[in-house]
Amino acid sequence: MHILYVTTEFITDHMNAGGLANYLANMSNIFKEHGHKVTVLVVAAIDKRCFWNSIEVIYYNASRSLEWLATQDKLKAFYLLRSIYINRKIQAINRKNKIDIVQLCANGVIAYNIKISIPWIIRLSSFPGLCEIAEKEKKSFKIEQALNRIDERSKIQLESIQACPFIISPSNLCKELVEKNLKRRVYVIESPYCDYNEKTDECIYNQKLYGKKYFLYFGHLCRLKGIHTLANSAECLLEKYPEHNLVLVGINSKIEDYKNIRIDADKYVKKKAGKYKDRVIYIKGIPKSQLVPIIKNAEMCIFPSRIDNLPNACIEALGLGKAVVGTRRASYDQLIVDGMNGFLCEIDSPITLMQCIDRYMELDEYSKSLIHANARKRVNLMLPDKIYEKYLRTYKIQIQKQKIIN
């Protein structure tokens with residue numbers, strides 16, 4: 001089988017690739033290892049061709065000469081014309097090497113107006129528009145209110161999802177939102193947990209954290225991921241646990257301080273930590289090989305996201321047997337049973353976040369070990385072979401449906 005993944009990002013973009021890029025890298029590897037041919041088409045601002053793990057990756061600038069439309073608020077015309085180029089590129093790849101199925105991401109509106117005879121599906125990374133609102137919203141974030149405020153670009157993206165013959169979501173939350181608001185059926189297939197036992201590099205851990213006790217936040221430091229909630233907990237956390245540090249690892253972003261001045265998120269956390277700011281340790285985005293030792297040695301991992309879509313960071317932490325705090329109604333409750341394999345707090349709630357941390361810290365060592373064991377058990381349901389079988393079955397059904405139509 002020849003699978004074409006069409007995406008806005010891939011692992012070859014940069015060292016700190018996002019969740020979509022990592023998911024597609026895992027899926028590409030899984031299908032390649034099972035003997036299938038995989039090609040990745042990245043709709044980007046450049047044209048180039050490269051290989052990753054013997055998988056061909058084609059970068060294609062489908063927006064060339066169309067940018068002026070977007071700048072003049074003619075978004076629909078921009079995406080309509082760009083779709084012609086994307087359709088043609090897919091057909092060109094198909095002529096060179098017959099494609100059996102195309103899987104597009106919903107990001108970047110690249111699935112808009114897809115008109116191909118090849119079987120195709122969409123895999124959702126989020127419900128359009130909600131992440132953008134969650135990132136900007138200074139007040140308490142509410143999904144129901146945010147749904148009424150999505151922008152034109154997100155509405156066009158919803159049209160592309162509505163027109164797709166088959167829709168996959170990794171999270172029950174995204175499935176629920178699409179089914180309720182678009183009246184389209186969505187099938188849940190969770191993201192794979194891939195532990196390839198790669199060599200780890202302990203240099204950063206040894207330089208900055210060796211011998212230290214710490215709570216860990218890793219991922220993008222932004223309001224969407226709840227860095228403001230963690231910041232508002234920082235002083236209380238570090239005062240209550242004087243032997244511990246708070247470690248932040250990931251790409252920085254700007255966040256408004258109490259004077260509405262935009263500063264780096266790590267500096268915001270330090271400012272909110274008050275007299276304990278020296279125990280807030282920030283490490284810029286690092287490769288997974290260097291991150292894994294930091295996760296393994298953490299007291300627990302904290303992910304106070306406002307909304308998410310079965311986040312890779314949480315999956316990786318659970319897979320390494322770490323106690324995790326995540327948020328209810330943000331897809332963490334699909335991975336975590338509160339008190340069993342982790343803990344669940346409320347969105348934008350420093351109080352319930354601290355309560356979760358306290359509940360874990362009050363446990364005896366045996367009870368903590370049960371949390372760790374249960375965390376690993378949860379990701380056993382997401383091992384590559386299990387996810388592969390689900391995707392393979394889905395692909396075959398869609399291919400067969402297309403044959404009947406033709």
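**Inside the cavities and among the rings**

Let's start inside: Ser 125, Ser 126, Phe 127, Leu 130, Cys 131, Ser 171, Leu 173, Cys 174, Leu 177, Ile 307, Asp 308 and Asn 309 line the largest cavity. Helix H4 (130–136) and helix H7 (172–182) are the elements that give this lining two or more residues, and H7 has the largest share, with three. Helices here are DSSP runs of H or I with at least four residues, strands are runs of E with at least two, and both are numbered from the N terminus. By type, the lining splits into seven nonpolar residues, four polar and one charged.

Before going on, keep in mind that this is a predicted model, where local features need pLDDT of at least 70 and side-chain atom pairs count only at pLDDT 80 or more, while totals for chains, interfaces and linings use all residues. Residues are numbered from 1 along each chain as its sequence is written, and side-chain values use heavy atoms, without hydrogens and water.

So what is a cavity? On a 1 Å grid over the protein atoms alone, it's a set of points where a 1.4 Å probe fits but cannot get out, and lining residues have an atom within 4 Å of a point. There are two cavities of 30 Å³ or more in the structure.

Around the second largest cavity you'll find Tyr 5, Val 6, Leu 20, Tyr 23, Leu 24, Gln 103, Leu 104, Cys 105 and Arg 123. Strand E1 (2–7), helix H1 (19–33) and strand E5 (101–105) each bring at least two residues to that lining. Two of the lining residues, Tyr 23 and Arg 123, meet in another way: Arg 123 lies over the face of Tyr 23, 3.6 Å from the ring centre. For such a contact, NZ of Lys or CZ of Arg must be within 6 Å of the ring centre and within 35 degrees of the ring normal. Likewise, the charged end of Lys 368 sits over the ring of Tyr 360, 5.0 Å from its centre.

Phe 10 and Trp 52 are edge-to-face, because their planes stand at 90°, with centres 5.5 Å apart (rings pair with centres within 6.5 Å, and planes over 60 degrees apart count as edge-to-face). Phe 10 is in the loop between E1 and H1 and Trp 52 in strand E3 (residues 48–52), so the pair ties together parts 42 residues apart in sequence. Both residues, Phe 10 and Trp 52, are buried, meaning under 20% relative accessible area (1.4 Å probe, protein chains only).

Key: 1 Å grid on protein atoms, 1.4 Å probe; cavity = no way out; pocket = protein on both sides within 12 Å on 5 of 7 lines; lining within 4 Å. Points joined across faces, edges and corners; volume = space filled by probe spheres on them. Nonpolar A, V, L, I, M, F, W, Y, C, P; charged D, E, K, R; others polar. Phe/Tyr/Trp six-rings, centres within 6.5 Å; stacked < 30°, edge-to-face > 60°. Buried < 20%, exposed > 50% of the residue type's maximum accessible area, 1.4 Å probe, protein only.
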